[in-house]
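Biologist: Could you walk me through this one? I'd like the overall layout to begin with, and then some of the contacts.

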Amino acid sequence: MANKKVTKVIAETVKLAPLKTKDYEKELRRLHVELVKLQQWVVAKGLKVCIVFEGRDGAGKGGTIKAITERVSPRVFRVIALPAPTDKEKSQLYFQRYVPHLPSAGEIVIFDRSWYNRAGVERVMGFCTPEQVEKFLDGAPIIERSMVDAGIILIKYWLEVTPKEQERRLRDRIDDGRKTWKLSPMDIKSFNRWDEYTEARDAMFAATDTAWAPWYVARSEDKKRVRLNIISHLLSQIPYKSLPAETVKLPKRRKIGKIKPTDYPFRYISERF
């Protein structure tokens, strides 16, 4: 059964000195090498890995997922970020639209928000009834137990951010033309519902933080630190070994130049830089 004890409020983040970019990039490079080793191990052993990312708006889920996936194969690491459900999907069993995206052998699936939408945004914004939330919280541990029993390695992360830092990041999305796409109408509507989201989070933890699918909380005040911390933790959750690799050597290139250059009028792009 799920852990029904009251969840304590997550402590405020301890302010640390900013992580230097050079140190961050050096450690991230090392972790990327380990993620490639993990990828090879998952494929070789036919493992099925499912990683869930949840958290408040602006907590850094997208940046963390990008840090995990930027040096691995998208054929192995699949990122799932589902849009709002269609009318047809709304009529289905709630978990139904998530099931086709669960990992097969040799895959690592990352959910950028997941079935826990029902416990968070849908609850807070009134997109579902209290009865539906209650049924979800009762049923989620059972569904997740069946996933684990089927051999899926399920890892759930909650990224926690302070109100001050969340506001700073959301305002940055307004002012930075590269980030405006990240600011949705739902973010604006949710902005003044901090306490409601806290209440929803605590109820979710109390009902779904189980022995077979526990929640791991990451303080995300510092984006660089949280990325390194989560990748390190992820690697520790899946026992893997470095597989032996054949030595690769480029063959000697045959003599080239036998084919005369064509006079085809290629459309070269303007070289402005």
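Predicted model: local features only at pLDDT ≥ 70, side-chain atom pairs only at ≥ 80, totals over all residues.

Biologist: Fine. How many helices and strands are there in the protein?

Modeller: The protein has nine helices and five strands, and, read from the N terminus on, the order of its elements is α-β-α-β-α-β-α-α-β-α-α-α-β-α. The C-alpha trace spans about 75 × 45 × 45 Å along its principal axes.

Biologist: What about helix packing, say α1 and α9? At what angle do their axes cross?

Modeller: Helix α1, which covers residues 21-45, crosses α9 at roughly 25 degrees, and the two axes come within 10 Å. Angles under 35 degrees count as roughly parallel, and therefore α1 and α9 are described as roughly parallel to each other. Their crossing is left-handed.

Biologist: And which residues in α1 meet α9?

Modeller: On the α1 side they are Thr-21, Tyr-24, Glu-27, Leu-28, Leu-31, Glu-34, Leu-35 and Leu-38, and these meet Lys-224, Arg-227, Leu-228, Ile-231, Ser-232, Leu-234 and Leu-235 in α9.

Biologist: How do α5 and α8 pack?

Modeller: Helix α5 (residues 130-149) packs against helix α8 (residues 194-208) at an angle of about 45 degrees, and their axes lie 9 Å apart. Because of that angle, α5 is oblique to α8. The crossing of α5 and α8 is right-handed, and the contact is made by Leu-137, Ala-140, Pro-141 and Glu-144 from α5 together with Ala-203, Met-204, Ala-207 and Thr-208 from α8.

Biologist: Switching to charges: how many salt bridges does a search of the whole structure find?

Modeller: That search finds 19 salt bridges.

Biologist: Where do Asp-57 and Arg-113 sit?

Modeller: Asp-57 is in the loop between β1 (48-55) and α2 (61-69), whereas Arg-113 is in the loop between β3 (107-112) and α4 (121-124), so the pair links parts of the chain that are 56 residues apart.

Biologist: Last one, the surface: which residues make the nonpolar patch?

Modeller: Tyr-264, Phe-266 and Tyr-268 make a nonpolar surface patch of about 420 Å², and Tyr-264 is found in the segment after α9 (223-237).

Key: Residues numbered from 1 in each chain as written. Heavy atoms only, no water. Patch = residues over 30% accessible without salt bridge, like charges linked within 9 Å, V, L, I, M, F, W, Y side chains within 5 Å. Areas by Shrake-Rupley, 256 points an atom, 1.4 Å probe, with all protein chains shown as cover. Salt bridge = Lys/Arg side-chain N within 4 Å of Asp/Glu carboxyl O. Helix = DSSP H or I, 4+ residues; strand = E, 2+ residues; numbered from the N terminus. Axes fitted to C-alpha atoms, helices over the stretch in contact; angles between N-to-C directions. Parallel < 35°, antiparallel > 145°, perpendicular 65-115°, else oblique. Left-handed = near helix turned anticlockwise from the far one by under 90°. Contact = heavy atoms within 4.5 Å.
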